[in-house]
Amino acid sequence: MKESPDKYMIYNIRPVVGNLKPIHRNILELSVQTRLLEKGQPWVAYAEDYGAFHTSTVVDIVDNGDDLCIETANTKYFLKKL
C-alpha cells in the first residue's frame, strides 16, 4: 500500500525504543491518509489539520481491513479506518 484515499485515525502510538516524542502527542487522534507507506521507506502521512509528516523506516505493516499497524524502526502506530 503506497497511497490510499482511505482515512485512518491514529488511536495509539507505542515506542519500540525509548519514549514517546512530543510529535507523537501532536499526531495522536489525527485523521490521516497515507501518501507513502512501503516497507524499507519512511512513512509519509497527510493530515488536513496538521499537514504532512514522516516517520522512521517502516519495518512492518499489518493491515486487518479496518485496522492498520505500522511498525517503524522506533515506533508502532495503530490506526483505525474511518
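**Close-up views of a predicted model**

View 1. Once its neighbours within four places in sequence are set aside, Ile61 is in contact with Leu37, Glu38, Lys39, Leu68 and Cys69. Ile61 has its place in strand 4, and with a relative accessibility of 22% the residue counts as partly exposed, because the partly exposed class lies between the buried limit of under 20% and the exposed limit of over 50%. Ile61 and Lys7 are separated by 54 residues in sequence, and their C-alpha atoms lie 16 Å apart in space.

**View 2. Thr55, a buried residue of strand 4.** Strand 4, which spans residues 51-63, also holds Thr55, and this residue counts as buried because its relative accessibility is 8%, where buried means under 20%. When residues up to four places away in sequence are not counted, Thr55 touches Pro42, Trp43, Thr72 and Tyr77.

**View 3. The hairpin of strands 5 and 6.** Strand 5, made up of residues 67-72, pairs with strand 6 in the antiparallel sense over 5 bridges, and the hairpin that joins strand 5 to strand 6 passes through 2 residues. Within this view, Asp67 stands opposite Lys80 in strand 6.

**View 4. The pairing of strand 1 with strand 6.** Strand 1 (residues 8-15) and strand 6 (residues 75-81) run antiparallel and are joined by 7 bridges, with Pro15 standing opposite Thr75 of strand 6.

Notes:
Residues numbered from 1 in each chain as written. Predicted model: local features only at pLDDT ≥ 70, side-chain atom pairs only at ≥ 80, totals over all residues. Heavy atoms only, no water. Pairing = 2+ DSSP bridges. Helix = DSSP H or I, 4+ residues; strand = E, 2+ residues; numbered from the N terminus. Buried < 20%, exposed > 50% of the residue type's maximum accessible area, 1.4 Å probe, protein only. Contact = heavy atoms within 4.5 Å.
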